[in-house]
Amino acid sequence: MKHRSPSEHPHGQRARAPAKSPSSPPLLQQQQHAMEDNAPSNPRELTQNPLKKIWMPCKNGLPEKHISQRKVCMTNCPTLIVTVGLPARGKTYISKKLTRYLNWIGVPTREFNVGQYRRELLKIYKSFEFFRPDNEEGLRIRRQCASAALNDVRQYLTSGGQVAVFDATNTTRERRDTILQFADQNGFKVFFVESVCEDPDVIQENIVQVKLGSPDYTNCNSDEAVEDFMKRIKCYENSYETLDEVLDRDLSYIKIIDVGQRYLVNRVLDHIQSRIVYYLMNIHITPRSIYLCRHGESELNVKGCIGGDSGLTLRGKEFAKKLSQFIQTQHISDLKIWTSQMKRTIQTAEALHVPYEQWKVLNEIDAGVCEELMYEEIQENYPLEFALRDQDKYRYRYPKGESYEDLVQRLEPVIMELERQENVLVVCHQAVMRCLLAYFLDKTAEELPYLKCPLHTVLKLTPVAYGCKVESIHLNVEAVDTHREKPENVNIHRTTADALQTIPAHF
Amino acid sequence: MGCNGRSRRGSSVPQFCNSPTMLVMVGLPARGKTYISKKLTRYLNWIGVPTKVFNVGQYRRQAVTTYKNFEFFKPDNEEAMKIRKACASAALKDVATYFSKEHGQVAVFDATNTTRERRAIILSFAKERGYKVFFVESICEDPEIIAENIKQVKFGSPDYADRDYDEAMEDFIQRIDCYRASYMSIDDEKDRNLSYIKIFDVGSRYLVNRVQDHIQSRIVYYLMNIHVTPRSIYLSRHGESELNLLGRIGGDSGLSPRGQKYANALATFIKNQNINDLKVWTSHMKRTIQTAQTLAVPYEQWKALNEIDAGVCEEMTYEEIQEHFTEEFALRDQDKYRYRYPKGESYEDLVHRLEPVIMELERQENVLVVCHQAVMRCLLAYFLDKPGGELPYLRCPLHTVLKLTPVAYGCKVESFYLNIEAVNTHRDRPGNVDVSRDPQEALQTVPDHV
């Protein structure tokens, strides 16, 4: 991610004595001297990376690896997020969601679920007895699994990973100390995420949503499973040492109490931890649905032109009407509607006859010099650019325009607000919808620019268990296809025919 | 959580507003309540949420024109109690006026509010009128921090204008003691239905309870990112560019020879400042990167720091804009903050684009930001609390470094012109902004160029 910079200093410490007072030298004199003395030192040549349009120093026309060219990162050292909490407190839910969010914003993250390691080792789960605190064999195996997981964490964080989420109960101080030592030895920062909840309804709902479907309980009926799981929780309760305000005052952590009613945040050290805290404080588990759709078919769509700010065609207006009917039949409680600031999404929303909010950041990707061109024209006028885009559609930035990567950056506040909200309909654009969809469905950067988001189709996303259910509703109004697949030949020397191989039909 | 009703057309983000919100400060004297109140107000106004501080101490100073000593604050001083209660009421009344008549959205009620009784009064006041309430409590027992607070802001207070250092310190400590006996912190049990954040030891720890909506979430995020560690922020534009020389706006040109000289001078200046662990940020545009390159230290590129997008007017001179887009040119002069270039951006858009930069600047310590004219105006407006009307006309000349150092409740600004000549790129608002004006009137304030 290009835009964030790390903070290296522990945050929140008491105000310390000011750094050595910066001197204000007799500047004028010195400057005159310097100017007369030498010609300006030769400026290093800059070259612009052809794909991402990033300026960087070069030598003999080739980009130079310079200290200022190091990959922009959000943290200096890797971060280990450690969940803490009794079973059925949402640790895995939080782990997966956080991992999905961090990967989407460009921070390589992976979760390591110790329960999974246990299932691989043990093959068959018999009953809660495995978790009894006096079950020596069980304890041995569990310790082994935790170690194996930590080993994989180390492997991941030293080979490109930036954040590892260590998902386990970690309910004893002893276990947490082991992890802290491990992190210390390897130079990882540690951030604890503890989930504390005693609401029986919430716990029951958790168990129903995610435990009954677990491999541990495939051969049990619901009642048996619930009963066994409750006993499993009991096994942990006696030895549970929550993060303590006094004893653990030097640790960095967030304690989430009662599914987000209250938070205790201690010693946030850097930027990534600050973002994680902000994210965790904005998510909720109230059932709701998010509806994503594009504007109705536009004038430029039928011409096969990209971008621009045209209005709806007749078919597009028909879609808007059908959308209105569809929304009404859904009987959605308190639906919020968001559009971009482009004519075609606003026209679409207007047909719904309900209030809507305009977001400039929902505007379609800026195609820069290629705005309003057809693919054929792009190939004719910018064949190199066209090929580069096919080579890496996620990172490719249009000249004087944007990339999908830029788009994700700009959409982050939308995602944050979508997390806060409940029922929302987002009327947006193809590239924008692909980015939002990739967030909800955990798609990689490679897949994202090729996700299918056809016109006149509504996607209804409903969070369920650890993921998202998707229902696709085509509203039965014809429209052009605007989806262009990656052609086989992405070489910059390819023929025009090869380049235009996958262009959808248009007028 | 969104507005019911049309959003403000033309603004970049939805105006997340329903009911007005009262931010109620809680804490003993010298715990940073006014510091937080002013800073938060500045931030919220900058991002477009009309916010105002109501400092009860100010009301008291108007009611009791001369402050004698801490005895005024003694809990058994009935006469004073009456006055203080009246001041709080007057402030609340003004809050109501601010919301109902002045389109305010957030009111920061800055007082100690250390008793449950006082807070209950505020809560029922708010409930009657449909205002949301969010408490911000600052808790700190570190004697060094408190002493530093007193030094930084209390000695300058009108209350102590005629006192010497030791007298003032002595009096203020006794003043704090007057509140201590009756201080009831927000109770995590009894007050569990209230919305609040408790800040412990200047940000070491936070307790956040029942965040209700978007604005409260943003406030919490902001409060959790600010710090009081002394540091300086250096703002500078890129060195003079080729397009600058030609009087053309926007584009992505390289430095002129004088611009390169500036980059060298900047490197020398920075070195002489002896800054501890300086971070350097640039935009993605060639001219800022070329400038930073010369510093020979690592720098970070932020796309969000790119110059304002002038859309169809990119790389034009003002004369050309006047010729080809006469009406646009006039509209811009009529409301330079909100005006959006066709297929481009407005200053208002720029502010929203820059919000993550501001947030990260708050987290960081010593930073040098090498950016552009419009961008620098936006950042400067945030630090110096300039409103939308003034922002687009702030002076940010080439080849000048502004050093901002937080001090007391504001920001000290030092301006360093590095003595390398450059064109002037500042265009003042002309006398006639009417669409039907003559070309000369439109071009009256255009700076010279090649």
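I looked up the α2–α8 contact in chain A first: A:Ile94, A:Lys97, A:Leu98, A:Tyr101 and A:Leu102 of α2(A) meet A:Ile272, A:Arg275, A:Ile276, A:Tyr279 and A:Leu280 of α8(A) (contact: heavy atoms within 4.5 Å). I sorted these residues into eight nonpolar, no polar and two charged (Ala, Val, Leu, Ile, Met, Phe, Trp, Tyr, Cys and Pro are nonpolar, Asp, Glu, Lys and Arg charged, the others, Gly among them, polar).

The model is predicted; local features need pLDDT of at least 70 and side-chain atom pairs pLDDT 80 or more, while totals for chains, interfaces and linings use all residues. Residues are numbered from 1 along each chain as written, chains are lettered from A and ligands numbered from 1 in written order, and side-chain values use heavy atoms, without hydrogens and water.

I took helices (H or I, at least four residues) and strands (E, at least two) as DSSP runs numbered from the N terminus. Helices α2 (91-104) and α8 (271-280) of chain A pack at about 120°, axes 11 Å apart (axes fitted to C-alpha atoms, for helices over the stretch in contact; angles from 0 to 180 degrees between N-to-C directions).

Next I checked the sheet. Six strands of chain A form an open sheet, β12-β11-β13-β10-β14-β15, with mixed pairing (a pair needs at least two DSSP bridges). β12 (357-358) and β15 (467-474) of chain A are the edges; each has a single partner strand, so one side of each lacks a neighbour in the sheet. I found β10 (290-294) and β14 (457-464) of chain A paired antiparallel over three bridges, with A:Leu292 opposite A:Leu459. Helix α14 (404-420) of chain A packs on the sheet, touching β10, β11 and β13, and its direction makes about 175° with that of β11(A).
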